[in-house]
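Please open the structure in your viewer and keep the selection tool at hand. The tour goes from one selection to the next, with a short account of what is there at each stop.

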Amino acid sequence: MIQNAFSIFKVYQSKFLMINQLRFKKDQQKRKQAFFLIFSYIFLLGMFSFYTAGYVYALHYLQLSTLTFSYLLVLASSFCFLFTIYQSNSLLFLSRDHEQLLAFPCTISSIILGKLLFIYVNQLIFTLVITLPGAILYLILTPSSLVSFLYYLIALAFIPLIPIVFAAALGALLTIVTSRFKHKTLLKVILSFAFMAAIFAGSFSSANLNEAKIIELSVSLESKIHSAYPLATLFSNGIQNKQVSSLLLFCGLSLASITLFTLLLSKIYLSLGSVLSAKETSRKYQYSNQKKSILKALVGKELRRYFSSSLYIMNTSVGYLMTLAFAISVPILGVEKLEKLMEMQGLSKVIVLAAPIIIASMNAMMPSSAAALSLEGKSFWIVQTLPISSKQLFHSKILAHLSIAVPFTLLSSAILAFSLEMLPLQRLATFIMPLCYVILSSYIGLTLNIKFVNFKWENEVEIIKQSTPILLMLVVCILIVAPVIILCINFPAMATLIQLIASFISLMICAILEQKNNQLSLSKIA
Amino acid sequence: MLEIKQLTKTYKGGKKAVSDLSLTLEPGEIHGFIGHNGAGKTTTIKCFCGITDFDSGSIKILGHDITKEPVLCKQNIAYIPDNPDLYEHLTGMQYLNFVADIYQVSPEKRNENISTFAKAFELTDSLGDVISSYSHGMKQKLAIISALIHEPTLLVLDEPFVGLDPVASLTLKNIMKQMCSEGKSVFFSTHVLEVAEKLCHKISIIKNGSLIISGKTEDITKNTSLEDVFMETIISEGSSI
């Protein structure tokens, strides 16, 4: 069983890391793609680990070092949970090789174990990269904690197990519950967002504490972490207090949970797979009585693709919803109350100046166009053989993105522009900059997707969450927003002018990308 | 109808898929394209359907160059791949309407064609279902219907009979013959030599990217079968298969 599970794991891992592509294909494009993928991962993980290390330092500064390992555990566990819940269903039940694997003479447990092993190894790597710098910094700051650090290294291997089990179980449960409803994609998106909002609300309530309050409430903060994730108590006792029994219990419970999950899942794997992959059939259809324009037909196709995938919707719209929630909170709570709540003097002035940047950066982060071309997948032959130009195809992808992003952006802009006291030019910038940045991110996303297109995917998670254009888009978003932030901080009196100039430059870049992309022949995209 | 001159296509790794291939297809002709696996059939087809670019040579469809006027060429052709991966999230009817919109087919004409061909391929009852619930054969049928919806002048099919049930195969053969009688042309690749022999006016045999034989079916087979000709050609050429 272990051997079969390991073989399945090896196949998945080699595909994920593009090992064979790099070893056996003399394709420079693929090598370049792998390079940028690795670069993006390093950049983003580097930022995460920098943030973690900073937080660990802050805890040390506030004399709350005892919370360090609990914090690292909660951070790593949340990370594993959120990433697994996105991909577990597609990987466990809906991968293209699902039936092929079931036909092999190996036990169902070994198939599940192989797939879980793949998730585990990758989450372990991320856990290691994100938390290890923080743990090393803790060791440097508290040299007497060498034993705790060594215990932490041992426990590290067990951290991702329970979050993976919970995420996989919850992901399957959400899909089973929503599969009974007509608008299951929408319902799944709503439930997932509700779940994430609950997590966000929980973390926000603990983020409102200032330095004095944190010190005052250090005990309650610790109990908050421990009540949010009960295993943190065992973890903390095992590592911080060097209780070997607690450490062993933590490791044992983690191992037991994954073993139990694998065994239970293997009992219902076939029937669960059937439920999850079941397709609704309907004999109702209508003949069309109208002819759409080519562009309208293409945009319609794009939007149908978008709304058919809950993962696609969630990944791209989380920024819009967060911005909208923030914008709505301003008139509802009032700037003065927000100032008190966040304990930030002069927040109203900052919001007025930063509103265009906040909306622009959040809404430009994840354009659907960064995945839209790759998501054509093996069906790309259809658009290649249809009598359409590359310009029409690319425009349809950009327009589909804008038809979703622009209403959210304008709504957020309108709420902030009219609920805050602004000068007319500032009000204009609150509309113009986010709009221009949304258009820019749409063009950059599409350009990156053309450059690093991948039609040979087994699972849409590979494109929507893990592909080179998506990861590079995050990096690019930071790069296009950071100069504006830096300039606005240094020249606050000219902030609005800077934002308007940045908007103009972004439109110029769009024009260049438009010209460059449209010269491409569809037969050259592969 | 179709004119391919000295077509050469090399893959990124350096492997030559098609080498100096020339071929013509006249109006009212059914042309069979045969060859062993990896001979270059699909690559050739993909080149003149505008899916893949090529290194040298020229391809003209109804006098239009595929590299210079791809949209104009594609308006006249329809392509059905060997393994039709369609938009799984759409229903059969949504997919057909999408294709009809792209070809700007009027509602009357599209509804008439959808109704006729869906009935002929026994797919009428499934048009309201999402494509992801279709079997391989049903997807193949839907791809054929979508290819016929705009009444193309040149129909290009890659292994069209794989996955089709006997009734659907017969229906497709009849449609091919009907198209030819209307002065349109059909070009298809196949491994089923009996079908090619009975159906095609002309046959081309490709091996390792080069055209070995091309001509009228009766001239190629003479007193023997296409299977014998194919085997003799492949073996006598010092095959690497």
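Predicted model: local features only at pLDDT ≥ 70, side-chain atom pairs only at ≥ 80, totals over all residues.

Two strands are said to pair if DSSP finds at least two bridges between them. With that in mind, select strand β4 (residues 56–61) and strand β5 of chain B, which pair in the antiparallel sense over two bridges.

**The four-stranded sheet of chain B**

Now widen the selection to the sheet to which these strands belong, an open sheet of four strands in the order β2-β1-β4-β5 of chain B, with antiparallel pairing. Its edge strands are β2 (16–25) and β5 (64–65) of chain B, each of which pairs on one side only.

**The six-stranded sheet of chain B**

Stay in chain B and select the six strands that form another open sheet, in the order β6-β7-β8-β3-β9-β10, where the pairing is mixed. Because β6 (77–80) and β10 (210–216) of chain B stand at the edges, each with a single partner strand, one side of each is left without a neighbour in the sheet. If you look along the sheet, the twist averages 15° from one strand to the next. Helix α5 (residues 136–148) of chain B packs on this sheet, touching β6 and β7 of chain B, and its direction makes about 175° with that of β6(B).

In general, the strands of a sheet pair through backbone hydrogen bonds, either parallel or antiparallel. For the parallel sense, select β7 (residues 154–158) and β8 (residues 185–189) of chain B, which pair over five bridges, and find V156(B), which stands opposite F187(B) in β8(B). For the antiparallel sense, move to β9 (residues 202–207) of chain B, which six bridges join to β10(B); here K202(B) stands opposite K216(B) in β10(B). The strands β9(B) and β10(B) form a hairpin with two residues between them, and N208(B) in the turn has a positive phi of about 45°.

**Where the two chains touch**

Show both chains, and select the contact between them, which takes 36 residues from chain B and 34 residues from chain A. On the side of chain B that touches chain A, the elements that give two or more residues are α2 (70–76), α3 (92–102) and α4 (107–120) of chain B, and α3(B) gives the most, with five residues. If you colour this side of chain B by residue type, you will find 15 nonpolar, 13 polar and eight charged residues.

**The two domains of chain A**

Turn to chain A, for which the domain assignment gives domain 1 (2–277) and domain 2 (296–524). Their contact takes 21 residues from domain 1 and 22 residues from domain 2 of chain A. Which element gives the largest share of the side of domain 1 that touches domain 2 of chain A? Select α3(A), from which seven residues of that side come.

**A helix to finish**

Last, select helix α21 (residues 424–451) of chain A, whose 28 residues should span 40 Å at 1.5 Å a residue, and whose end C-alpha atoms are 40 Å apart, which agrees. This helix, α21(A), is mostly covered, since 22 of its 28 residues are buried.

Terms used
Residues numbered from 1 in each chain as written. Chains lettered and ligands numbered in written order. Contact = placed C-beta atoms within 7 Å. Nonpolar A, V, L, I, M, F, W, Y, C, P; charged D, E, K, R; others polar. Expected span 1.5 Å × (residues − 1). Buried ≥ 20, exposed ≤ 12 C-beta atoms within 10 Å, placed from the backbone. Axes fitted to C-alpha atoms, helices over the stretch in contact; angles between N-to-C directions. Domains from an automatic or database assignment.
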